[in-house]
Amino acid sequence: MPFWGELLVAAVIMVGLVGIVVPVLPGTLLIVGALFVWALIVGGWAWSVFALALLVIAVGEVLKYLIAGRSLRADAIPNRTVVVGGLVGIVGFFVVPVIGLLLGFIVGALASELVRTRSFDGAWRGAFSALKAAVKTIGIELLFALLATGIWTGGAFVW
């Protein structure tokens with residue numbers, strides 16, 4: 001693959017990494033797609049690099065759900081709180097640019113917990129726990145995507 005092609009793959013991976021932190025774009029899918037196209041064009045040994053990076057990303061995807069679920073169960077937060085927070089966050093993203101996703105998530109989770117607990121203190125604790133779980137999932141997904149990016153970088157530019 002020519003150098004400009006490698007730079008294009010790197011640019012798509014960077015957009016994917018940003019998409020993980022700012023969940024507007026399907027970040028992990030962009031990264032996997034870029035690595036797949038790279039392996040398809042380069043061929044041969046590149047498939048080994050792709051397979052290893054894909055394995056790392058898959059492990060990260062499984063871990064993020066396991067750890068977030070354990071965190072929510074430990075704080076006795078139902079899945080409904082996260083779902084409502086996510087849906088209101090999506091609406092918030094379009095209503096208030098840039099910070100609407102975060103604000104919407106907090107408002108949605110808080111409202112859901114307020115209905116469930118009937119106390120503002122309990123609702124705030126529940127919303128904060130849901131927010132912590134969401135931040136954990138983003139951090140885990142980003143960490144494993146960065147590891148996969150490192151594997152690709154080693155394969156693309158070192159070999």
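In which helices of the protein chain is confidence lowest and highest? The model is predicted, so local features need pLDDT of at least 70, side-chain atom pairs count only at pLDDT 80 or more, and totals for chains, interfaces and linings use all residues. Residues are numbered from 1 along each chain as its sequence is written, and side-chain values use heavy atoms, with hydrogens and water left out. The term pLDDT stands for the predictor's confidence in each residue, on a scale from 0 to 100. In the protein chain, α4 has the lowest confidence, with a mean of 88, and α2 has the highest, at 95. The mean pLDDT of the protein chain is 90, and 99% of its residues reach 70 or more. Where pLDDT is low, predicted coordinates should not be read in detail.

The overall build comes next. The protein chain has 6 helices and 0 strands; helices (H or I, at least four residues) and strands (E, at least two) are DSSP runs, numbered from the N terminus. Read from the N terminus on, the order of elements is α-α-α-α-α-α. The C-alpha trace of the protein chain spans about 60 × 30 × 20 Å along its principal axes. Of the 159 residues of the protein chain, 38% count as buried. Buried means under 20% relative accessible area, exposed means over 50%, and partly exposed lies in between, with a 1.4 Å probe and protein chains only.

Helix α1 has 19 residues and reaches 27 Å from its first C-alpha to its last, close to the 27 Å expected at 1.5 Å a residue. The expected span of a helix is 1.5 Å times one less than its number of residues. In α1, the buried residues are Gly5, Glu6, Val9, Ile13, Gly16, Leu17, Gly19 and Ile20. Seen down the axis of α1, these buried residues fall within an arc of 160°, so they line one face of the helix. The arc is that of the directions from the helix axis to the C-beta atoms. On the other side of α1, Phe3, Trp4, Leu8 and Met14 are exposed.

Helix α4 has 17 residues, which should span 24 Å at 1.5 Å a residue; its end C-alpha atoms are 24 Å apart, which agrees. The residues Thr81, Gly85, Gly89 and Gly92 of α4 are buried. They cover an arc of only 65° around the axis, which puts them on the same side of α4. On the other side of α4, Asn79, Leu87, Val91 and Phe94 are exposed.

Next come the empty spaces. Rolling a probe the size of a water molecule over the atoms shows where empty space is left. On a 1 Å grid over the protein atoms alone, a cavity is a set of points where a 1.4 Å probe fits but cannot get out, and a pocket is an open set with protein on both sides within 12 Å along at least five of seven lines; lining residues have an atom within 4 Å of a point. Grid points are joined across faces, edges and corners, and a volume is the space filled by probe spheres set on the points.

The largest pocket holds about 990 Å³ of space. It is lined by 35 residues, and the closest to its centre are Pro23, Phe105, Ala134, Thr137 and Ile138. At least two lining residues of the largest pocket come from each of α1 (3–21), α2 (27–42), α3 (46–74), α4 (79–95), α5 (100–117) and α6 (120–158). The largest share, 8 residues, is from α6. By class, this lining has 25 nonpolar, 7 polar and 3 charged residues. Here Ala, Val, Leu, Ile, Met, Phe, Trp, Tyr, Cys and Pro count as nonpolar, Asp, Glu, Lys and Arg as charged, and the others, Gly among them, as polar.

There is 1 cavity of 30 Å³ or more in the structure. The largest cavity holds about 40 Å³ of space, and its lining consists of Thr28, Ile57, Gly60, Glu61, Glu141, Phe144 and Ala145. Two or more of these residues are given by α3 and by α6. The lining of the largest cavity divides into 3 nonpolar, 2 polar and 2 charged residues.

One of the cavity-lining residues, Ile57, is found in helix α3. At 6% relative accessibility, Ile57 counts as buried. Ile57 and Leu147 are 90 residues apart along the chain, and their C-alpha atoms are separated by 8.2 Å.
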